[in-house]
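This report looks at strand order, pairing and helix packing. Have the sequence and the structure at hand while reading.

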Amino acid sequence: MPKKPFVDFRDIRARITMEQVLTHYQLLDTFKRTGPNLSGPCPIHKGTNKTQFRVDTEKNIWNCFSECKHGGNTLDFICRMENLSIHEAAIKACEWFDIPLDDVKNNGDEPEAKASATKATAKAKPAPLNEDNQPNPPLKFRLDKLNREHPYLTQERGLTQATIIDFGLGFFTGERGMMVGHIVIPIHNVKGEVVAYAGRWPGEPSDKDTPKYKIPAGFKKSQELFNLDRASKEPADKPLVIVEGFFDVIKIHQHGYQKVVALMGSTMSAAQEALIRQHSERQSHIIIMLDENPAGMAGRADTAARLSQHCFVRTHTFAKPNAEPEHLTAEEVRNLLPL
Ligand SMILES: [Zn+2]
């Protein structure tokens with residue numbers, strides 16, 4: 001039995017921001033602020049170049065593009081600065097930021113702990129397989145009352161009727177339930193069964209309390225890859241493209257390339273890694289095309305390191321910062337991904 005108390009890393013991370021951590025180190029003033037982003041010299045390897053270390057203060061993540069070639073979350077940063085394990089860093093964070101340990105005690109084995117620790121060693125070790133591996137049960141209902149012609153889908157996202165119907169998208173016009181007022185996106189498991197509906201607020205939420213995306217409580221997105229049910233039916237010799245978001249998949253699909261799946265985030269879970277392995281062989285090709293921002297870049301490096309142990313991996317780097325696969329034109333998709 002471990003002598004140290006188990007703590008819930010995710011809970012601790014939710015309670016502290018990168019700005020607080022940088023303030024603790026009296027570093028905040030050394031950074032230049034551009035919108036939600038900070039940039040400055042890397043405090044970890046003590047670099048001098050003022051653009052090589054970047055922080056996203058909304059996502060609370062950081063990345064060093066120089067010597068460290070690494071990024072992570074608030075706890076990873078403390079790990080690196082203090083040369084501590086993730087567990088020790090979490091305890092430190094509780095001390096520094098007055099987080100009562102009793103509040104963040106965790107009864108079980110916390111998968112994120114090991115995932116972060118794996119990242120912190122900068123070596124590509126296989127991710128732990130001790131996540132809650134119970135599959136998401138198929139839903140027993142279908143949402144109807146969907147407006148397939150909502151301008152958020154047709155104009156803002158530029159989707160055709162065929163794509164909207166193909167992916168089962170629509171604006172939920174019903175009057176009850178958590179999806180009221182949202183665009184719904186059905187998520188299928190690899191067998192093609194609907195296991196959840198994700199809700200997207202149509203546009204920018206006007207207040208901070210409205211999240212852009214709603215995922216039903218209890219649904220484990222780490223167990224699924226969006227669109228894998230269809231991508232897995234594509235020819236084996238075609239590269240599998242891995243992107244972050246629903247609309248990245250949907251748009252690339254609309255442009256004619258169907259072997260594409262989304263992580264539904266910028267990190268690959270152990271279960272997602274296992275799914276990709278099941279559906280690929282040693283000679284399979286994978287193209288990792290995450291968003292060109294600190295989270296995407298960190299996810300890209302980690303995903304590439306882990307998958308390259310199983311098959312051929314290519315990472316796609318966009319020339320422009322903050323570029324996303326969703327915004328590729330049909331022509332760009334044709335050039336990047338031969339049909
Ligand atoms: Zn560095």
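The model is predicted. An open sheet is built from five strands, ordered β1-β2-β3-β4-β5, with antiparallel pairing. The edges belong to β1 (32-34) and β5 (70-73). Each has a single partner strand, so one side of each has no neighbour in the sheet. On average, neighbouring strands here are turned by 20° against each other, direction ignored.

Opposite T34 stands N37 of β2.

## Helices on the sheet

Helix α3 (residues 74-82) packs on this sheet. α3 touches β4 (61-64) and β5, and its direction makes about 125° with that of β5.

Helix α11 (residues 294-307) packs on the sheet as well. The contacts of α11 are with β3 (53-56), β4 and β5. Its direction makes about 65° with that of β4.

Which residues of β13 (residues 285-288) lie on the covered face, and which on the uncovered one? I286 and I288 are on the covered face; H285 and I287 are on the uncovered face.

β13 pairs in the parallel sense with β11 (residues 240-243), over three bridges. There, V241 has I287 as its bridge partner. β13 also pairs in the parallel sense with β14 (residues 312-315), over four bridges. T315 in β14 is the bridge partner of I288.

From β13 the chain crosses through α11 to β14. This β-α-β crossover is right-handed.

How values were computed: Residues are numbered from 1 along each chain as its sequence is written. This is a predicted model: local features need pLDDT of at least 70, side-chain atom pairs count only at pLDDT 80 or more; totals for chains, interfaces and linings use all residues. Two strands pair if DSSP finds at least two bridges between them. Helices (H or I, at least four residues) and strands (E, at least two) are DSSP runs, numbered from the N terminus. Axes are lines fitted to C-alpha atoms, for helices over the stretch in contact, and angles run from 0 to 180 degrees between N-to-C directions. Two residues are in contact if their C-beta atoms, placed from the backbone, lie within 7 Å. A residue is buried if 20 or more other C-beta atoms lie within 10 Å of its own, exposed if 12 or fewer, and partly exposed in between; C-beta atoms are placed from the backbone. A crossover is right-handed if, with the strands pointing away from the viewer, the path from the first strand over the helix to the second runs clockwise.
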